[in-house]
Amino acid sequence: MFARTLFVTALAAALLSACGGGGGGSSTPPLPGGGNNPSPAASGSPHASSAPSATPGPGSTPTPFATPTPLPTPTPTPAGAGQTILPNTTGRFSLIQVIDLRMTQQQIQAEAPYEDAVWAAFSPSTWNQSHPGMITSRYMIPLNDENAISGHDLTWWQQNHPDWILYTCDSNGNPTHYVARDDGFPDVPLDFHNPQVIDYQVRQMLGPYMIANGYNALALDQVSFSNYTSGPNAILGQSDPGYNYGSDGWYGCGVWEGSTFVKRYTMGYLQPDPAFIADIVNWVKTARQILTTDPTLAPYHLKLLVNHPLGELSDPNEQAILSNVDGIMNENGFSNYNRYGINVGHLVQYMQYAQANHVAFFSINYFCLNGGSPCETSVTPQQLEFAMAAYQMGNEGGAALYVSPSTGEIYSYHPEFATRLGTPCAEYSVSGTVYYRKFTGGLAIVNNSFTPSSLQLPAHAYTDIEGRSVTNPLQLGANDGYVLTTTNGCS
């Protein structure tokens, strides 16, 4: 899934290395420099707020996960909720933090008042104490058991539910006894075609854990229409001397029912597999149904967020995803991992559609010039302003923004985010390769091109949020953006 390896490998490494504890504390102002991404320090344990369940012993009719009791009292849905799960974002820069594993508790306390959501929170209590009511989500991959919650290892699954384990086929489609893998986690991949598996994951394991630990949303990664699994799974103690991971075309394929192999999927990552797509869509639908109708979980109004490569809105499977989630995360964003080249108009159309259908849109913009080897420690003013201006082309009151030099985890607040542009005068307009949108208090402009361009500005006095001089016509560099403030911008 687009930057699947970068995002998941970074998260997996942090998950495996996280240690220590961390508590809350009083809120503090933003750190000096406001978003220059100070050197990260180790954060609290990913699951410090609740110890993993002890590994159950084998049994003939095992209970995969025991519901923790008592659970906190559910909070009613507030009256006057907006069109999406986000508070109204019109004319402002709503923010989402992506992962917090490399943030100190002090950084979380400083940043939380400015964030509307956090994707993959591993210090939920600190976020909640510093910003009550924000979206605080628990990370998960749909295929997986969550070892850190359940305590189940491969041996436990082999002894208790051997027919729930997802195995690989080789590049010729031959079944193996190697467990599938999906990048770096000590979690056993499960047969998510099986409705009992989904019920276990959501109703028995994740839902109660989220409630007990202060989460109000589930963040699903890798909700992709490509079978991204491979194998064998060295993290689970399996290896094949003749196998070169990532090049031989192995893929998650099916389950062993005794000595009989039941094939679920016939294609790997490079080709769409209708069966895999149907199961991903069904997982999302079923999870939504459980969260909203289960008598224990439904009173907590747990939300469902997905990291999903944007497809065509005419695709029924795309429609099915959008119809069953509360928020969708787009990791390519407008920056395309600092490669640019995104069709701004096409992306804005998707943003508008999602928000009009009550789905929050999270625009994630990474700017790593070195492709992750390593990333810089801060974004440039031009990179920041480009992302902010592009975001406002499609912000209809239910979109949030993230800007970072890397794939998440670091303190990301910038004082420029406090800019208020007021009410949009209309949707965006286009002049050549330049997109622009007027607001009562400002003007957002993006050059969606690898060559410089210019734009004749309406006759107003403007101030650039980065202090750049404003000429008329405005001269824009390649892949450049401006966020300008003014008065009476619609006149």
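Strand 15, residues 442–447, is mostly covered, with 6 of its 6 residues buried. Keep in mind that this is a predicted model. In a regular strand, side chains alternate between the two faces of the sheet. Here both faces are covered. On one side sit Gly 442, Ala 444 and Val 446, on the other Leu 443, Ile 445 and Asn 447, and all of these are buried.

Now the partners of this strand. Strand 14, residues 434–439, pairs with strand 15 in the antiparallel sense, over 6 bridges. The two form a hairpin, with 2 residues between them. To place yourself on the model, find Val 434, which stands opposite Asn 447 of strand 15. Strand 15 also pairs with strand 19, residues 481–485, again antiparallel, over 5 bridges. There, Ile 445 has Tyr 482 of strand 19 as its bridge partner.

Tyr 482 takes us to the charged residues. Arg 468 lies over the face of the Tyr 482 ring, 3.7 Å from the ring centre. Arg 468 also belongs to a network of salt bridges with Glu 385, Asp 464 and Asp 480. Glu 385 is found in helix 10, residues 381–394. Is Glu 385 buried or exposed? Its relative accessibility is 0%, so Glu 385 counts as buried. Leaving aside neighbours within four places in sequence, the contacts of Glu 385 include Asp 464, Arg 468, Gly 481, Tyr 482 and Val 483.

Side chains of opposite charge can pair when their charged atoms come close. Across the whole structure, a search finds 11 salt bridges. Two of them involve Arg 437. One joins Glu 396 and Arg 437, at 3.4 Å from N to O. That pair links distant parts of the chain: Glu 396 is in the loop between helix 10 and strand 12, Arg 437 is in strand 14, and they are 41 residues apart. The other joins Glu 427 and Arg 437, at 3.3 Å. Glu 427 is in the loop between strand 12 and strand 13, 10 residues from Arg 437. Arg 437 is buried, at 1% relative accessibility. Glu 396 is partly exposed at 21%, and Glu 427 is partly exposed at 40%.

Another salt bridge is between Arg 138 and Glu 146, where the closest N and O atoms are 2.5 Å apart. Arg 138 has a relative accessible area of 2%, so Arg 138 is buried. Glu 146 is buried as well, at 6%.

Next, the nonpolar cores. The largest has 126 residues, and those touching the most other members are Trp 119, Leu 220, Trp 283, Phe 362 and Phe 417. Beyond its neighbours within four places in sequence, Phe 362 is in contact with residues including Leu 86, Ile 96, Leu 305, Met 329 and Ala 400. Apart from this core lies another, of 10 residues, among them Val 434, Ile 445, Leu 455 and Tyr 462.

Last, the aromatic rings. There are 20 aromatic pairs in the count. Tyr 209 and Tyr 215 make a stacked pair, 6.4 Å centre to centre with 25° between the planes. Both of these tyrosines are buried. How are the rings of Tyr 413 and Phe 417 arranged? Their centres are 6.2 Å apart and their planes are at 70°, so the pair is edge-to-face. Tyr 413 and Phe 417 are both buried. Finally, Trp 156, Trp 157, Trp 164 and Tyr 200 form one aromatic cluster.

Methods. Residues numbered from 1 in each chain as written. Predicted model: local features only at pLDDT ≥ 70, side-chain atom pairs only at ≥ 80, totals over all residues. Heavy atoms only, no water. Phe/Tyr/Trp six-rings, centres within 6.5 Å; stacked < 30°, edge-to-face > 60°. Buried < 20%, exposed > 50% of the residue type's maximum accessible area, 1.4 Å probe, protein only. Lys NZ or Arg CZ within 6 Å of the ring centre and 35° of its normal. Helix = DSSP H or I, 4+ residues; strand = E, 2+ residues; numbered from the N terminus. Pairing = 2+ DSSP bridges. Contact = heavy atoms within 4.5 Å. Core = buried A, V, L, I, M, F, W, Y, C linked by side-chain atoms within 4.5 Å. Salt bridge = Lys/Arg side-chain N within 4 Å of Asp/Glu carboxyl O.
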